[in-house]
Amino acid sequence: MKFTLSWLKDHLDTDASAGEIGNTLTNIGLEVEEVSNPSEALAPFKVARVLTAEKHPQADKLQVLTVDAGTGEPIQVVCGAPNARAGMVGVFGPPGATIPGSGMALKVAAIRGVESRGMMCSSRELELGDDHSGIIELPADAPVGTAFTSYAGLDDPVFDVNVTPNRQDAMGVRGIARDLAAAGIGTLKPLAVPQIEGAFPCPVPVTIQDPEGCPAFYGRAIKGLKNGASPEWMQRRLKAAGQRPISALVDITNYLMIDLGRPSHAYDIAKLVGGLTARAAKPGEKVLALNEKEYALEPFMTVIADERQVHDIGGIMGGEDSGVSDATTDVMLEVAYFAPERIARTGQALGLTSDARSRFERGVDPAFLDDGLAILTGLILDICGGEPSAAVHVGRPPLDRHVIRFDFGRTRALGGIDVPEERQRAILESLGFEVNGNDVTVPSWRRDVEGPADLVEEIARITGYDHVPSTPLDRPTGVAKPTATRSQLIERRVRRTAAARGLDEAITWSFVSEAEAAAFGGGEWVMANPISEEMKVMRPSLLPGLIAAARRNLDRGASSVRLFELGRRYLADAEHPTLAFVLAGERSARAWQSGKAKPFDAFDAKAEVTALLEAAGAPVDNLQVFPDAGPTWHPGRSATLRLGPKAVLAAFGELHPALQKSLDCPAGAVAAEIYLDAIPAGRASGRARTAYAPPALQPVTRDFAFIVPAELTADTLLRAIRGADKAAVAGVRLFDRFEAPEGLSLAFEVTLQPTEKSFTDEQIGEISRRIVAAAEKLGARLRS
């Protein structure tokens, strides 16, 4: 939120500088992103008097002026403004100055043969307005030679404050002033609320049919007003806040919203049919909003409508059909309270953001409707004139006050800061809390304060977090004991192993869209107030974020993407630590030795999974491959690694074609998920590593080729060979797959490791017979 220093001083009596105020705001939790001063661009411009104005000898529409800018010598300027004349006072830009409106740097130059040493400026050129019909004309008594910014009061720093979602009270300048006063930077000025006497009954009846969405609607009519331009001071402040001045009525409602955090709306009575009703939208209803876009409404949305049509998306944006214009003379004002949850849901569903929505969904002050209506009415009467009606108060805003029983000792116990009780009470009272003994009543504008911990936070932030002492934790004597848990150690090992194997770590959002969650079986946890519809569901899988990241990298020219993420999946029972990775693009680049570039396949994913599981301490030699990893995965190009039929440690392979299409997955990508919490704990063997003892005798290798049935997997046969003689068989490796005339041939290299003495030929022959027998039990036969 943006505001100027002079605007802040309307509510805060202070002599503090902009720098002091900015530092204080950041210290009390209102982060200042920038303090800028637009007047710095106007620093070179001076108040100057035109001494003479003669016709240009070479151009009918130009004049040659002599200007007194307080330098002691007249300055010659060529000017094309029709209002330039001798004796007038304006704004002069000397050589070296830059025109803010065009970015043009002024210099001494000849214009149609006549030297010009500067420029007399218009409002548009200095970005002070849209008028470009002539140069700025100042009063005759304006002091010549004075800096224009000082004369015009433009030296007004602008603060840009990042307001967190819980601080609805800081969405107005007065709320920020209140915090600064509590921090001792000044004194909060009393708020002037005019007393408005209605001259006639309100001609527009108001009813509420949706009290859950709109509990209260306050309003009044004003007749006979003139909707021209808003005052210059208001336009200047609105521009500093990032708003575009439109007309007096629109500018006044925007000014009230930024000044006091109170959104409001004005309807042109001439465009209404009958009264106004706050109701739920009807199926099929549409509204043309003020942004000139049409929105289809849903029954859960609160709208303001007359007898003919919808005129307002309640609390978010008004409608074009009842908007005010230069011809408007009679208006109906709306100062309503809308339920924050309803506003958030409506805005997300419509994809519609506005300044009003950002305040209503945080929760505006429900006790400020009457005063807000009075202040709004007073501004309109002062600027636009007119005659007000009596106010109408329909419904009741939620005014119940929350009382918290507070132990002032909690500030030290919970916040770690020692603040005298008297000072704690003073801080809370300066923030609007009512303190009666140990009972603290929360002000109506602080719906974020729910318990004692919130009161501790208020006291701590106003006191200053820099006052929290640095206190080291108690540490027992001797050698420090390890603090990392088993799961932390596993995550540390697999992260390092993944990086060492050439994978790049990514961190993606823990939220996905409903469509992405549905592709992975659906999400169990849905956000009630998500940032956007694309980040609504707690992810049931890490793959959607990784797939999107891989897609972005490939689209930007990467030829090979190897991304992994270590995070959490959010399922119905709990959070599950998971490592997922995506391999996309080229596994190996084209080269003269290998020819074309090679893509990734499911076996690449399996190799990475096996290596990472081994790093995590899983018994990889005991893992079994089960084909078809489920509906998320390709039915013929995926598998799971399990310990037995139920304990699934990982899934890998290609994703299902339908899922690839819905997620725009890169073609040929493979992926995997490793379920770290499913890895069984190893046997406790102490923290010392077993000493490496290489075998004393040389191993023996023998090759076996088997003709196998089509349904027999290589993994099953490999396990059978390994189990044929567990004492002698040290390793088994599949090294060949061949389609022979008599059937599928699988060839294995078997490593035999003697222990006490070398194997004899008879012993090797006996082991070989056991291996062949084990294979034959599975339907395989030794290839001749």
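Which residue in E40 is the bridge partner of leucine 734? The points below take up this and other features of the structure.

1. Basis of the note. The model is predicted, so that local features need pLDDT of at least 70 and side-chain atom pairs count only at pLDDT 80 or more, whereas totals for chains, interfaces and linings use all residues. Residues are numbered from 1 along each chain as its sequence is written, and side-chain values use heavy atoms, with hydrogens and water left out. Helices (H or I, at least four residues) and strands (E, at least two) are DSSP runs, numbered from the N terminus.

2. Strand E40 and its partners. The bridge partner of leucine 734 in E40 is phenylalanine 748, and this pair belongs to the 10 bridges that join strand E39 (residues 729-740) to E40 in the antiparallel sense; two strands are taken to pair if DSSP finds at least two bridges between them. A hairpin through two residues connects E39 to E40. Strand E38 (residues 700-708) also runs antiparallel to E40, with nine bridges joining them, and here threonine 701 stands opposite threonine 751. Strand E40 (residues 743-752) is mostly covered, seven of its 10 residues being buried, where buried means under 20% relative accessible area, exposed over 50%, and partly exposed in between (1.4 Å probe, protein chains only).

3. Strand E31 and its partners. Eight of the 11 residues of strand E31 (residues 560-570) are buried, so the strand is largely enclosed by the rest of the structure. Strand E28 (residues 504-505) runs parallel to E31 and is joined to it by two bridges, with glutamate 505 having phenylalanine 564 as its bridge partner in E31. With strand E32 (residues 575-588), E31 pairs in the antiparallel sense over 11 bridges; arginine 569 has histidine 576 of E32 as its bridge partner, and a hairpin of four residues joins E31 to E32.

4. The three-stranded sheet. Three strands in the order E1-E11-E3 form an open sheet with antiparallel pairing, and its edge strands, each pairing on one side only, are strand E1 (2-4) and strand E3 (31-36). Direction ignored, neighbouring strands of this sheet are turned by 25 degrees against each other on average. E3 and strand E11 (residues 158-162) run antiparallel and are joined by five bridges, and glutamate 31 stands opposite asparagine 162 in E11. Helix H2 (residues 18-27) packs on the sheet, touching E1, E3 and E11, and its direction makes about 165 degrees with that of E3; axes are lines fitted to C-alpha atoms, for helices over the stretch in contact, and angles run from 0 to 180 degrees between N-to-C directions. Contact means heavy atoms within 4.5 Å.

5. The crossing of H13 and H16. Two packed helices are described by the angle between their axes and the distance between the axes. The axes of helix H13 (residues 486-500) and helix H16 (residues 602-615) come within 8 Å and cross at roughly 140 degrees. Arg493, Val494, Thr497 and Ala498 of H13 make the contact with Ala611, Leu612 and Ala615 of H16.

6. Helix H11. The buried residues of helix H11 (residues 421-430) are Gln424, Ile427 and Leu428. Seen down the axis of H11, these residues fall within an arc of 95 degrees, so they line one face of the helix; the arc is that of the directions from the helix axis to the C-beta atoms. Their cover includes helix H10 (410-415), strand E26 (434-436), strand E27 (439-441) and helix H12 (452-463). Just after H11, glycine 432 takes a positive phi of about 105 degrees.

7. Two buried loop residues. Glutamine 168 is found in the loop between E11 and helix H4 (173-182) and is buried, with a relative accessible area of 9%. Not counting residues up to four places away in sequence, glutamine 168 touches Arg362, Gly363, Trp445, Arg446, Arg447 and Asp448. Glycine 644 lies in the loop between strand E35 (633-643) and strand E36 (647-655) and, at 18% relative accessibility, counts as buried. With residues up to four places away in sequence again left out, glycine 644 touches Gln624 and Phe626. From glycine 630, glycine 644 is 14 residues apart in sequence and 17 Å apart in space, C-alpha to C-alpha.
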